[in-house]
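Here is a short briefing for a reader who is new to this structure. Look over the sequence and the model, then read the points below.

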Amino acid sequence: MCCCCVSGACGVAVGYPLDTVKVRIQTQKQFTGIWNCITTTVKKEGVHGFFKGMALPVTTISMTSSVVFGTYRNCLQCLAQFRGIGASNTKLDISVMSPGDIVKVRLQCQTESKRSGLKPKYRGPIHCLLSIARDEGISGLYRGALPLAFRDGPSFATYFLTYSTLCSQLTPAGQKEPEWPAVLLAGGVAGMAGWSVGTPMDVIKARLQMDGVRGERRYRGLVHCVTETVRNEGPRIFFKSLEINCLRAFPVNMVVFAVYEVSVRVLRSVSVDRIS
């Protein structure tokens with residue numbers, strides 16, 4: 001479990017700046033593209049603007065990563081004949097991750113800063129969490145939980161299937177474990193594959209989480225958000241952030257799987273030494 005927590009936390013740290021850019025592009029029309037969002041953020045908020053709300057996701061994603069990767073390992077061990085079957089979300093993942101995710105998105109989309117002279121609505125992760133619970137009720141913390149589940153179920157299945165398949169194909173005959181270049185390549189490609197599947201629901205999730213923060217609420221729910229988004233902006237909007245998701249996913253998941261494999265192999269060798 002510890003190695004899964006560490007790999008998840010490392011992944012958050014590596015990819016968080018581009019994740020902030022991704023969320024802003026998905027939810028705010030003021031940004032015309034990736035570079036425009038980056039330069040505007042630096043100009044108005046400084047480098048700190050890319051790391052808003054990072055503290056809570058490091059905690060929640062570390063916890064959910066331990067469940068997801070643990071499930072993945074158990075699936076491989078118990079269902080070896082179906083090598084590569086992916087692990088979908090458990091109820092624990094959603095219950096832990098959803099409140100942390102909405103706090104992350106709210107803080108990432110908060111463009112007010114001391115540099116701009118505007119007072120931010122939320123002072124930090126805990127203040128944001130408590131404010132949402134106070135103003136919108138506990139259910140407000142789970143706004144976007146349904147698209148989060150719809151995003152992560154097929155996304156994680158594709159993610160682990162891709163990683164397992166590539167590692168299997170790239171492992172030399174007679175060797176039990178893939179070499180490090182194969183781990184890095186498989187991890188990066190798996191991340192891109194997972195986000196290719198998950199990006200459409202990621203857009204809907206972010207819009208539902210930000211709905212009503214800067215004015216009247218526009219969406220009545222998941223289906224209404226999907227239909228209104230398609231009607232007003234066309235189906236291409238669902239893949240507006242795919243480029244940056246893939247750009248972020250490759251290095252992030254290289255790190256995630258590298259740290260995970262290192263940790264697993266170290267723990268395995270320690271266990272073997274103790275037994276012998």
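Predicted model: local features only at pLDDT ≥ 70, side-chain atom pairs only at ≥ 80, totals over all residues.

**Helix H8**

- H8 covers residues 222–233, which is 12 residues.
- From first C-alpha to last, H8 reaches 16 Å, close to the 16 Å expected at 1.5 Å a residue.
- Which residues of H8 are buried? They are Leu 222, His 224, Cys 225, Glu 228 and Thr 229.
- Seen down the helix axis, the buried residues of H8 fall within an arc of 160°, so they line one face of the helix.
- An α-helix has 3.6 residues a turn, so residues three or four places apart point the same way.
- The cover over the buried residues of H8 includes helix H6 (145–170) and helix H7 (180–210).

**The whole chain**

- The protein chain has nine helices and zero strands.
- Its elements, read from the N terminus, run α-α-α-α-α-α-α-α-α.
- Of the 276 residues in the protein chain, 49% are buried.
- Among contacts with a separation of 6 or more, 77% are between residues 24 or more positions apart.
- The protein chain exposes about 13600 Å², and carbon and sulfur atoms supply 64% of that area.

**The largest nonpolar core**

- In soluble globular proteins, nonpolar side chains tend to be buried together.
- How many residues are in the largest nonpolar core? It has 14 residues.
- The members that touch the most other members are Phe 69, Tyr 159, Phe 160, Tyr 163, Val 256, Phe 257 and Tyr 260.
- Helix H3 (55–78), H6, H7 and helix H9 (242–275) each give two or more residues to this core.
- H9 gives the most, with five residues.

**Around Tyr 159**

- Leaving aside neighbours within four places in sequence, Tyr 159 is in contact with Phe 69, Val 256 and Phe 257, among others.
- The contacts of Tyr 159 also include Ala 190, Gly 191, Gly 194 and Asn 253.

**A second core**

- A separate core has eight residues, including Leu 56, Ile 102, Leu 107 and Ile 132.

Definitions and conventions
Residues numbered from 1 in each chain as written. Heavy atoms only, no water. Helix = DSSP H or I, 4+ residues; strand = E, 2+ residues; numbered from the N terminus. Expected span 1.5 Å × (residues − 1). Buried < 20%, exposed > 50% of the residue type's maximum accessible area, 1.4 Å probe, protein only. Arc of directions from axis to C-beta. Contact = heavy atoms within 4.5 Å. Areas by Shrake-Rupley, 256 points an atom, 1.4 Å probe, with all protein chains shown as cover. Core = buried A, V, L, I, M, F, W, Y, C linked by side-chain atoms within 4.5 Å.
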